[in-house]
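Q: I would like to learn how to read a fold from its strands, its sheet and its core. Could you take me through one example, step by step?

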Amino acid sequence: MLKSWKNLWRPRLRGKPYYQGVVTILSMDDLPADIGLNIYLVRRGGTYRWAVLQCPCACGRRVEVNLMRSRYPYWRVRKHAGSISLSPSLWVSEELCGSHFWVKRNRVVWAEFEPPRWTSEGSKLDVRG
Ligand SMILES: [Zn+2]
C-alpha cells in the first residue's frame, strides 16, 4: 500500500468517515465501556478537555487525546457539521501498536512517512486497552 507524500498533505476526504459520530460528554466518567466508533469529546465549563476514540488499527486500544492547553502536549480540535478534525497527528507508542494517523472530519488519514511532531521517543497520548 504505497501512498505518495502529497496525499499526506492533501488528504483525500472521499468515502465514508471511519468514525461514525461525535458525542459530547461532561466527564470521562460518562464514557461507556464500549465507545465503539464514536469520538467522545469531554467538554466542561465551555472548554474541550479530552477527545477519546478507538485506535483505528483494530488493536482495540482507547486513545485519549488531551485538548487542554494547560497540559503538554495538547491537540487542537476543530468541529464540523457532525464530525471533527484533530491536529497535529496522533501517534501511539511503538511498544503498543505504533499507529500514526490524522483525524480529519472523522476520517482516518494514515501518516506513515511523516515524523511525529511532538515526540520522537514515544507518544505521550494516554492509551488504554
Ligand atoms: Zn492501534
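**Reading a sheet and its core**

A: In β4, Arg62 is the bridge partner of Gln54. Please keep in mind throughout that this is a predicted model.

Q: Which strands pair through that part of the chain, and in which sense?

A: The general idea is that strands of a sheet pair through backbone hydrogen bonds, either parallel or antiparallel. Here strand β3, residues 47-54, and strand β4, residues 62-66, pair in the antiparallel sense over five bridges; besides the partners already named, Trp50 has Asn66 in β4 as its bridge partner.

Q: How many bridges join β2 to β3, and what lies in the turn of their hairpin?

A: Five bridges join β2 to β3, and the two strands run antiparallel, with Tyr40 standing opposite Val52 in β3. Two residues lie between the strands of this hairpin, and Gly45 in the turn has a positive phi of about 60°.

Q: In what order do the strands of the sheet follow one another?

A: Five strands form an open sheet in the order β1-β2-β3-β4-β9, and the pairing is mixed. Because β1 (21-25) and β9 (126-128) stand at the edges, each with a single partner strand, one side of each is left without a neighbour in the sheet. From one strand to the next, the twist averages 20°.

Q: How many helices and strands does the protein have, and what pattern do they follow along the sequence?

A: The protein has one helix and nine strands, and the pattern read along the sequence is α-β-β-β-β-β-β-β-β-β. As for how the chain comes together, residues 24 or more positions apart account for 45% of the contacts in the protein with a separation of 6 or more.

Q: Which residues of the largest nonpolar core touch the most other members?

A: In soluble globular proteins, nonpolar side chains tend to be buried together. In this model, buried residues make up 22% of the 129 residues, where a residue is called buried if 20 or more other C-beta atoms lie within 10 Å of its own. The largest nonpolar core has 20 residues, of which Ile39, Leu41, Ala51, Leu53, Val63, Val65 and Leu90 touch the most other members. The elements that give two or more residues to this core are β2 (38-44), β3, β4, β6 (83-91) and β7 (100-104).

Q: What does Ala51 touch, if residues up to four places away in sequence are not counted?

A: With those residues left out, Ala51 touches Ile39, Leu41, Val65, Leu67, Val77 and Leu86.

Conventions:
Residues are numbered from 1 along each chain as its sequence is written. This is a predicted model: local features need pLDDT of at least 70, side-chain atom pairs count only at pLDDT 80 or more; totals for chains, interfaces and linings use all residues. Two strands pair if DSSP finds at least two bridges between them. Helices (H or I, at least four residues) and strands (E, at least two) are DSSP runs, numbered from the N terminus. Axes are lines fitted to C-alpha atoms, for helices over the stretch in contact, and angles run from 0 to 180 degrees between N-to-C directions. A residue is buried if 20 or more other C-beta atoms lie within 10 Å of its own, exposed if 12 or fewer, and partly exposed in between; C-beta atoms are placed from the backbone. Two residues are in contact if their C-beta atoms, placed from the backbone, lie within 7 Å. A nonpolar core is a set of buried Ala, Val, Leu, Ile, Met, Phe, Trp, Tyr and Cys residues joined through C-beta atoms within 7 Å.
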